[in-house]
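Here are my notes on this one, written for someone opening it for the first time. Have the structure on screen and follow along point by point.

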Amino acid sequence: MIPRIELSGVSKRFGSRQVLDGVDVAVMPGESLVIIGGSGTGKSVTLKCILGLIPIDAGSMKVDGQEVAGLKGAALDAHRTRFGMLFQGGALFDSLPVWRNISFALPGSAAERKAAAIDNLARVGLAAEVADLKPAELSGGMQKRVALARAIAARPPIIFFDEPTAGLDPITAAVINTLIRTLVTDLKITAITITHDMASVRLIADRVAMLHAGKIIWNGPLASLDGCDNAYVRQFITGSTEGPIHMPGARP
């Protein structure tokens, strides 16, 4: 089977800083991959490179077996239609009601788009009445659900989740994680999630990859994570201050 997404030797430098240094990772169709790693290790940059928002310096990026590095114009636009995105901050349009936030990229009349928005609200556990509210009238958890409804509205084959539980309390975060897992399974979506939250990892992932020093240093099924003998992975998943990972400004 051809991977839905395949990165080989992907590198990206910003000035003197090498952010990605030969990233190799593949995601199979319908698989949920979670990328873990410390702040500033290039997780978000990886997603932006796949989307064509940032050009790579070297390497190969394939989607469904087709090279996508260097796409421009209409070809890049067509490439991006295959993706949905749940942004860390939700990124909802404050001036638009919920239904327009969800359906702004959908075709059809206003009535058809509103009906589609209400259907997607139901998929994330929100009532139809929410459709006419503004984002400011919603709690943080409800805003995240609306953003999730928008991400799946066009039924993209691939969705990226950028820190999906950031800023949420543990109970609401668990609800969002469960929703993501259910939607990925039910809609047969290929998903890449980046997160620091190990509870999210355990609820969302089929496979886990750790990005450190610009490279994927471990990649394996979720069931193998806790038994992993990689010292960097062990330190990250346990949150230990002892180990090979040193925070900037910390004493060695």
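1. Start with Lys 12. Leaving out residues up to four places away in sequence, Lys 12 touches Arg 17, Gln 18, Val 19, Leu 20, Val 45, Ile 54, Pro 55, Ile 56 and Asp 57, where contact means heavy atoms within 4.5 Å. You'll find Lys 12 in strand β1, residues 5-14. Helices (H or I, at least four residues) and strands (E, at least two) are DSSP runs, numbered from the N terminus. Is Lys 12 buried or exposed? Lys 12 is buried, at a relative accessible area of 8%; the cut-offs are under 20% for buried, over 50% for exposed and partly exposed in between, with a 1.4 Å probe and protein chains only.

2. A word on what you're looking at. This is a predicted model, in which local features need pLDDT of at least 70 and side-chain atom pairs count only at pLDDT 80 or more, while totals for chains, interfaces and linings use all residues. Residues are numbered from 1 along each chain as its sequence is written, and side-chain values use heavy atoms, with hydrogens and water left out.

3. Now the overall layout. The protein splits into domain 1 (1-82 + 159-252) and domain 2 (97-155), with bounds that come from an automatic or database domain assignment. Between the C-alpha centres of domain 1 and domain 2 there are 26 Å. As for who touches whom, 14 residues of domain 1 are in contact with ten residues of domain 2.

4. How much area do domain 1 and domain 2 bury between them? The figure is about 930 Å², 80% of it on carbon and sulfur atoms. Buried area here is the accessible area (1.4 Å probe) that two parts lose on being put together, summed over both. On the domain 1 side, Leu 179, Leu 183 and Leu 187 lose the most area to domain 2, and together they account for 45% of what that side buries.

5. What about charges and polar groups at that interface?

6. Which elements build the domain 1 side? β7 (158-162) and α6 (170-186) each supply at least two of the residues that touch domain 2. The largest share, six residues, comes from α6. By class, this side has twelve nonpolar, one polar and one charged residues. In that count, Ala, Val, Leu, Ile, Met, Phe, Trp, Tyr, Cys and Pro are nonpolar, Asp, Glu, Lys and Arg are charged, and the others, Gly among them, are polar.

7. The structure as a whole holds nine salt bridges. One of them pairs the side chains of Arg 82 and Asp 64, at 3.9 Å from N to O. This pair links distant parts of the chain, 18 residues apart: Arg 82 sits in the loop between α2 (73-80) and β6 (83-86), and Asp 64 in the loop between β4 (58-63) and β5 (66-67). Arg 82 is partly exposed at 23%.

8. Another one joins Asp 132 and Lys 114, at 2.8 Å from N to O. Asp 132 lies in the loop between α4 (110-123) and α5 (140-153) and Lys 114 in helix α4, so the pair ties together parts 18 residues apart in sequence. Asp 132 is partly exposed, with a relative accessible area of 49%; Lys 114 is partly exposed too, with 25%.

9. Next, look at Arg 181 and Asp 206, whose closest N and O atoms are 2.9 Å apart in a salt bridge. Arg 181 is in helix α6 and Asp 206 in the loop between α7 (198-204) and β9 (207-212), so this pair ties together parts 25 residues apart in sequence. Asp 206 counts as partly exposed, at 32%. There's also a network: salt bridges that share partners join Arg 4, Asp 64 and Arg 82.

10. Most residues other than glycine have a negative phi. Asp 64 has a positive phi of about 55 degrees although it is not a glycine, and it is partly exposed at 34% relative accessibility. Arg 155, in the loop between α5 and β7, also has a positive phi, near 50 degrees. Arg 155 is partly exposed, with a relative accessible area of 34%.

Terms used:
A salt bridge is a side-chain nitrogen of Lys or Arg within 4 Å of a carboxyl oxygen of Asp or Glu.
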